Amino acid sequence: MNPTTPSEIYFDQETLQQLTDNECDLSVTGISNYLRNHSSSYSPVLLTWDMTSRCNFNCSFCYIRDNSITREVCFKETVETIDCLVSEGLFEVYLSGGECLLLDDFIKIYRYFKEKGVFITVFTNGSIIDDEILTCWKELPPSSVEITLYNDDYTSEPFCNILKLQEMGLYVLPKFTLTQTTLRYYEGVKQWATDNNLFLAVDSELFDGIDDLHANIEKKYSLSIAQKKYYTPNMYKNIEKPSVIRTGFPCKSKRGIIHISPEFSISLCNKMKTRWDLRNVDIRIALNELRHLIEKYEHAILHGCNGCVYSQRCTMCYVNAEIIDGELYVPNGYCDSLKEKCIQLFKEN
């Protein structure tokens, strides 16, 4: 990998031929997916890292539920973890938050990943991309920068920084979260993106937090189902699928995704309650214990799941199940709630 480019990677002829024969999409994401799908056992190929829970924005519809972490990770604490993950096969990393650029040692950690040959996508609100960040990214470009927009202030830093990054030749993806409070800006932002030869990614999904401050977000701020189907139709196609009985780890995370939280603990995803604190547990021990957990529960029965046509919308797994005496159980009321939501989606509006 050439760290001075966003995504330049070199293969020997034999490896390249093997990838081509297996119809691998020769992009960073395509190769990352290929590595995960063709691995015989769990290996951390893709890291998603919520580097901080802090944010300089205060969006009412944001699910972030903890801005009280007082000890954020520093570069020295991360070196052993990064070295281990790279030696275990790390290929790609998503750096996010909160607002990840608020982390004091963001640039040091970013540079270390790049110098180790890891491809990086940065998720940010785009408001604090300063000259130091731009200089770093000019020297060691990220594979992509994804900037979420929330209004139509085209002179604000997020909009201006998107154009700066575009002018630098970086791949920048503007994104827009559709809510009851942002919908009025959408058409204007969409036109702005078109005028600047940019693709605007649109999302209409919101997620509830678990405390009082961030409770009932979906109820308060979500678009109606009719609006979601209109603005993001691809997300509401083929909802109904053949009956599938779910197991402990049915998701793609078991195929090589690893997650680091703002508290510097690891798991498969940000919703997983079983975690390993990397300040107190060696990363190698944590990875081995995680592998054992996957082996134990990957095909484990979820008691109470008989398979249904709503499986595409079902999120029941080890993460959301109740664990009683080492067995997984679907919580009471979950299936009825899922069915009710899906029936609403099937209705014509």
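Leaving aside neighbours within four places in sequence, Met1 is in contact (heavy atoms within 4.5 Å) with Glu8, Ile9, Lys114, Gly117, Val118 and Phe119. Met1 sits in the segment before α1. The model is predicted, so local features need pLDDT of at least 70 and side-chain atom pairs count only at pLDDT 80 or more, while totals for chains, interfaces and linings use all residues. Residues are numbered from 1 along each chain as its sequence is written, and side-chain values use heavy atoms, with hydrogens and water left out.

**Met1**
- Met1 is partly exposed, with a relative accessible area of 29%; buried means under 20%, exposed over 50% and partly exposed in between, for a 1.4 Å probe and protein chains only.
- The C-alpha atoms of Met1 and Lys114 are separated by 9.2 Å, although the two residues are 113 residues apart along the chain.

**Helix α3 and its partners**
- Helices (H or I, at least four residues) and strands (E, at least two) are DSSP runs, numbered from the N terminus.
- The axes of α3 (residues 75-87) and α4 (residues 106-115) come within 10 Å and cross at roughly 20°. Axes are lines fitted to C-alpha atoms, for helices over the stretch in contact, and angles run from 0 to 180 degrees between N-to-C directions.
- That crossing angle makes α3 roughly parallel to α4; the cut-offs are under 35 degrees for roughly parallel, over 145 for roughly antiparallel, 65 to 115 for roughly perpendicular, and oblique for the rest.
- On the α3 side the residues are Phe75, Thr78, Val79, Ile82 and Asp83, and they meet Lys108, Ile109, Tyr112 and Phe113 in α4.
- By class, the contact of α3 with α4 has six nonpolar, one polar and two charged residues. Ala, Val, Leu, Ile, Met, Phe, Trp, Tyr, Cys and Pro count as nonpolar, Asp, Glu, Lys and Arg as charged, and the others, Gly among them, as polar.
- The axes of α3 and α10 come within 9 Å and cross at roughly 50°, which makes α3 oblique to α10.
- Glu80, Thr81, Cys84 and Leu85 of α3 make this contact with Ile283, Arg284 and Leu287 of α10.
- The contact of α3 with α10 has four nonpolar, one polar and two charged residues by class.

**Aromatic pairs**
- The structure holds 19 aromatic pairs. Rings of Phe, Tyr and Trp (its six-membered ring) pair if their centres lie within 6.5 Å; planes under 30 degrees apart count as stacked, over 60 as edge-to-face and the rest as tilted.
- Tyr230 and Tyr231 form an edge-to-face pair, because their ring centres are 4.9 Å apart and their planes stand at 85°.
- Tyr230 is exposed at 62% relative accessibility, and Tyr231 is partly exposed at 22%.
- The pair of Tyr297 and Tyr318 is tilted, because the ring centres are 5.1 Å apart with planes at 45°.
- Tyr297 lies in α10 (residues 283-297) and Tyr318 in the loop between β10 (302-303) and β11 (322-324), so this pair ties together parts that are 21 residues apart in sequence.
- Both Tyr297 and Tyr318 are buried.
- Phe57, Phe61, Tyr150 and Tyr221 are linked into a cluster by ring pairs.

**Helix α2**
- Val28, Gly30, Ile31, Ser32, Tyr34 and Arg36 are buried in α2 (residues 28-37).
- The cover over the buried residues of α2 includes α1 (13-21), β1 (46-50), β2 (92-96), β3 (119-124) and β7 (257-260).

- Gln180 is in the loop between β5 (172-177) and α7 (186-195), and is partly exposed at 40% relative accessibility.
- Gln180 and Lys220 are 40 residues apart along the chain, with their C-alpha atoms separated by 8.3 Å.
- Beyond four places in sequence, Gln180 is in contact with Tyr221, Ser222, Leu223, Ser224 and Gln227.
- Glu205 lies in the loop between β6 (201-203) and α8 (217-221), and is buried at 19% relative accessibility.
- Not counting residues up to four places away in sequence, Glu205 touches Lys228, Met235 and Tyr236.

**Ser265**
- Ser265 is in strand β8 (residues 265-267) and is buried, with a relative accessible area of 9%.
- Ser265 and Gln227 are 38 residues apart in sequence and 38 Å apart in space, C-alpha to C-alpha.
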